[in-house]
Amino acid sequence: MSMTANKDMQPLKDSFAQIRVAAGIVIKHGRFLAAQRPDDKPLAGYWELPGGKVEGDESPEEALCRELAEELGINALKYVLLEVVEHCYAERNFTATIYFFTVDAFEGVPCPRENQNLRWVDPEEAGKLDFLPADAGVIKRLLEAGPGEWPE
């Protein structure tokens, strides 16, 4: 697991709201699941890894499982923390600490429950989609690590 932060964040970090987010890199047959943010949500149109805010006293693991069930109707069975990233969304006045998990096993069929588009993404096409900045960095590092990092 590693921790990264975007360079422009530090001077502004203290003045912005802080949130914690759990995100899943849901992997199946060498592809990962991406969701496109709907028009009625902030940052509409961007692709993202499924997940959402950590609520109250919830752990990031609990938030991951809850969010995947709420957003996609799947139950995560096997997941591992891959990386923790801090990212400042200056245009939205918040800083997010994002816990990225690889989700190697799940039950159910992913279905869009929040009016989002879903897509299984091949590693070679990942760079062609417009991902949220924090997600794009994690995806890029995972792809650069090579196929050994991708569970089947």
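Two strands count as paired if DSSP finds at least two bridges between them. Strands are DSSP runs of E, at least two residues long, and they are numbered from the N terminus along with helices (H or I, at least four residues).

Ground rules for my notes: this is a predicted model, so to speak, where local features need pLDDT of at least 70, side-chain atom pairs count only at pLDDT 80 or more, and totals for chains, interfaces and linings use all residues. Residues are numbered from 1 along each chain as its sequence is written, and side-chain values use heavy atoms, with hydrogens and water left out.

Entry one, β2. I looked up what β2 pairs with. β2 (residues 17-28) runs parallel to β7 (residues 94-107) over 10 bridges, and there Ala 23 has Phe 100 as its bridge partner. With β5 (residues 51-53) the sense is antiparallel, over 3 bridges; Ala 22 is bridged to Gly 52. β3 (residues 31-36) is also antiparallel to β2, joined by 2 bridges, and I find Lys 28 opposite Arg 31.

Entry two, the β2-β3 hairpin. I see 2 residues between the strands, and His 29 has a positive phi near 55 degrees.

I checked positive phi in residues other than glycine, and Leu 43 came up, near 60 degrees. Leu 43 lies in the loop between β3 and β4 (47-48). Its relative accessible area is 21%, so I log Leu 43 as partly exposed (buried is under 20%, exposed over 50%, partly exposed in between; 1.4 Å probe, protein chains only). Asn 115 also has a positive phi near 60 degrees, in the loop between β7 and β8 (117-121). I log Asn 115 as exposed because its relative accessibility is 63%.
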